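I set out to record what can be looked up in this structure. My entries follow in the order in which I made them.

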Amino acid sequence: MFSENGIATAADFKQSQRTDQYNGHDYYLIDDLLSGEHKMIRQAARDWIKAEVSPIIEDAAQKAKFPAQIIPGLASIGAFGPYIPEAYGGPGLDQISYGIIMQELERCDSGVRSTASVQSSLVMYPIWKYATEEQKQKFLPGLASGELIGCFGLTEPNHGSNPGGMTTRFTDAGDHVILNGAKMWISNAPFADLAVVWAKDDNDKIRGLVVERGMEGFSTPEMHGKWSLRASATGELIFEDVKVPKENIFPDIVGLKGPLSCLSSARYGIAWGAIGCALDCYDTALRYSKERVQFDKPIAGFQLTQKKLAEMITEITKAQLMAYRLGQLKNEDRATPAQISMAKRNNVEMALKICRDSRQILGGMGIMDEYPIMRHMMNLESVITYEGTHEIHLLITGMDVTGINAFR
Amino acid sequence: MKYLVCISKVPDTTTKIEFTDNNSKFNESNVQWIINPTDEWYALVRAIELKEANGGTVTVINVGGAENDQVIRKALAIGADNAVRVNADPSDAYFVASQIAAHAKAEGYDLIFTGKETINYNGFVVGGMLAELLDMPYISLAAKLTANGDTYEVTREIEGGEEVLEVSGACVISCQKGMAEQRIPNMRGIMSARTKPLTVVEASAEAPLTEVVSYTSPPARSDVKLVDADNVEELVKLLHEEAKVI
Ligand SMILES: Cc1cc2nc3c(=O)[nH]c(=O)nc-3n(C[C@H](O)[C@H](O)[C@H](O)COP(=O)(O)OP(=O)(O)OC[C@H]3O[C@@H](n4cnc5c(N)ncnc54)[C@H](O)[C@@H]3O)c2cc1C
């Protein structure tokens with residue numbers, strides 16, 4: 001069924017009969033703080049997801065195939081580079097809009113959100129911030145419209161939490177450079193048209209460069225066997241004497257702050273996105289607990305169930321407030337990387353706990369793909385690890401408040 | 001061709017309905033508002049399709065306060081070209097119809113669309129009143145419309161079947177399911193809605209003809225009684241004595 005290059009089409013997926021009834025939860029009326037346009041963007045994303053993604057997401061996850069047919073739809077709801085200015089083909093929205101879109105996507109599936117996060121914050125963002133004007137014009141409009149898909153190569157087999165130790169490097173060869181090395185765990189890699197790759201130059205400095213599919217010696221084998229983020233494609237990037245033209249190197253950004261600034265932007269999106277998983281699980285558990293009768297009454301009527309539900313909505317509300325405030329700071333360009341780490345860490349862990357409690361409320365049904373809970377729970381095991389692990393974010397907060405580095 | 005689409009603002013279908021002021025007013029606090037579904041999915045989208053096929057402009061009109069601008073912007077995001085808001089409380093159907101009629105008379109539209117009914121008050125009457133005030137033909141509950149110049153073939157649903165009508169020249173059509181498919185606004189549409197014209201006009205001096213005295217909610221549903229499948233006698237007894245249906 002799958003086409004030769006392994007890229008799935010709509011025909012590869014079975015439509016679920018379950019209707020997606022999600023309509024959000026807003027205990028503290030945070031919606032009052034959103035603009036009318038924010039709400040319109042959210043509704044459009046939600047409506048599109050319910051029509052195009054919810055019906056196939058369980059099957060895509062079961063088959064471990066990225067549903068590539070959703071790419072044009074992701075572009076049309078503005079999920080590719082929401083904050084990229086109109087001059088480069090983006091919609092030029094604020095950071096809260098970016099957060100809202102990531103939350104709606106992750107409410108459906110973290111893998112789908114990952115595809116959009118990578119494209120927006122890890123590919124479009126560095127090109128917008130660090131590339132030459134020509135490169136921006138060359139790549140950004142196509143990335144915004146989904147005609148081009150990008151990926152981000154930082155992690156290596158032997159360098160995860162410590163990317164500064166990377167061994168991928170390039171050497172000067174006149175009008176081009178020669179790139180050698182390998183990246184691992186790269187989201188979107190198997191079908192990406194281009195990769196933003198971080199590698200060391202002849203002076204041992206970390207630099208960013210755009211590697212395009214079709215360049216000789218560049219391959220992107222898919223990694224199989226994930227129990228998490230199954231609806232997103234993950235692969236390796238292998239560089240064997242790849243000739244990369246010098247104009248593909250970001251001219252001015254040198255050192256780890258290049259990739260870390262991209263990660264800050266993506267982590268901010270995750271801080272919003274993870275709340276989406278929590279909301280979907282809470283929504284599912286709340287609905288189920290009011291309908292499921294045991295001992296002659298709905299299980300929502302038992303104190304042990306209410307404790308779970310009450311704590312869930314409390315934690316969700318706290319996370320929503322944190323994300324909203326962080327969005328304001330981002331809009332004012334005042335959010336620090338440490339503040340973003342705190343929100344990413346807190347909200348992902350919160351979501352994972354809510355998945356577990358929701359799964360418990362559904363009893364045996366909680367493990368079935370009729371409900372989204374197990375899928376969210378498995379997905380979040382990646383989300384709590386990528387973009388800086390749970391431990392690393394804690395160390396970032398620790399270093400920020402004490403001034404002492406505990407990484408080494 | 002100039003198309004006019006009448007849109008109203010209604011509470012989202014999941015809204016908890018409560019009343020205030022001695023049950024004479026709907027409690028609007030914390031309500032999520034949407035465009036009335038038949039106005040949006042069928043009337044507006046069909047008007048946009050006709051414009052896309054034959055050229056022209058689509059204007060949406062709403063009677064209401066400034067808080068309605070949000071749902072009006074959504075209509076612009078879906079594809080209407082411009083909007084008019086009559087700045088007044090939409091107190092009854094006659095008042096609304098007369099305000100729209102005043103605007104439509106001045107502007108001269110080729111085709112006016114409404115939704116079949118609003119999901120809040122289920123009035124069904126604005127379209128008919130509007131046609132009367134404008135002295136135009138009115139076709140209600142239209143499920144299909146094809147245009148041939150300024151002649152329209154309109155299919156209506158009637159009890160147990162359908163009716164096909166032909167009408168020429170300016171008219172008012174109320175639309176229902178079948179007329180078009182819901183369109184989700186895309187990001188380009190949302191961005192262009194920011195700068196599309198939304199004109200606010202003051203209301204003309206018409207007065208409403210009716211006044212709401214009170215609302216009551218439907219009685220709460222009583223508990224379900226489960227009768228064992230083998231216990232037919234008990235079931236018959238309950239149907240006879242409690243439900244009083246046999
Ligand atoms: C599905 C998926 C998609 C991904 N997509 C991308 C992508 O698109 N691009 C990309 O570049 N990368 C991507 N990654 C990689 C991801 O960022 C790394 O997995 C992550 O940074 C952790 O690295 P590691 O797996 O090598 O774990 P390690 O760094 O080996 O960590 C193992 C454990 O040790 C802990 N640890 C490490 N150092 C310390 C310390 N100093 N103190 C305390 N604890 C420590 C960690 O917290 C963790 O618990 C992806 C990963 C996954 C799972």
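**Entry 1: the ligand.** I looked up the shell around the ligand and found 21 residues, the closest being A:Leu154, A:Gly160, A:Ser161, A:Thr389 and A:Glu391. A residue is near the molecule if its C-beta atom, placed from the backbone, lies within 6 Å of it. I note that the model is predicted: local features need pLDDT of at least 70 and side-chain atom pairs count only at pLDDT 80 or more, while totals for chains, interfaces and linings use all residues. Residues are numbered from 1 along each chain as its sequence is written, and chains are lettered from A and ligands numbered from 1 in the order in which they are written.

Helices (H or I, at least four residues) and strands (E, at least two) are DSSP runs, numbered from the N terminus.

**Entry 2: the domains.** I found chain A divided into domain 1 (10-145), domain 2 (150-248) and domain 3 (257-402), with bounds from an automatic or database domain assignment.

I then turned to domain 1 and domain 2 of chain A, whose centres, taken over C-alpha atoms, are separated by 24 Å. Their contact takes 24 residues from domain 1 and 17 residues from domain 2; two residues are in contact if their C-beta atoms, placed from the backbone, lie within 7 Å. On the domain 1 side, α1, α4 and α5 of chain A each supply at least two residues. The largest share of that side, 11 residues, comes from α4(A). I counted the classes of the domain 1 side as 15 nonpolar, 7 polar and 2 charged.

**Entry 3: helix α5 of chain A.** I read α5(A) as residues 133-145, with 13 residues and a reach of 19 Å from first C-alpha to last, close to the 18 Å expected at 1.5 Å a residue. The expected span is 1.5 Å times one less than the number of residues. I noted a bend of about 30 degrees at A:Phe139, with a proline, A:Pro141, following within four residues. The bend is the angle between axes fitted to the seven residues ending there and the seven starting there.

The buried residues of α5(A) are A:Lys136, A:Phe139, A:Leu140, A:Leu143 and A:Ala144. A residue is buried if 20 or more other C-beta atoms lie within 10 Å of its own, exposed if 12 or fewer, and partly exposed in between, with C-beta atoms placed from the backbone. Their cover includes α2 (71-76), α4 (110-130), β1, β4 (194-200) and β5 (206-212) of chain A. Just after α5(A), A:Gly146 takes a positive phi of about 85 degrees.

**Entry 4: the chain B contact.** I found 13 residues of chain A in contact with 12 residues of chain B. Helix α1 (residues 36-63) of chain A gives the largest share of the chain A side, 7 residues.

**Entry 5: A:Tyr371.** I located A:Tyr371 in the loop between α8 (337-361) and α9 (373-383) of chain A. Is A:Tyr371 buried or exposed? A:Tyr371 counts as buried because it has 22 C-beta neighbours inside 10 Å.

Notes
Nonpolar A, V, L, I, M, F, W, Y, C, P; charged D, E, K, R; others polar.
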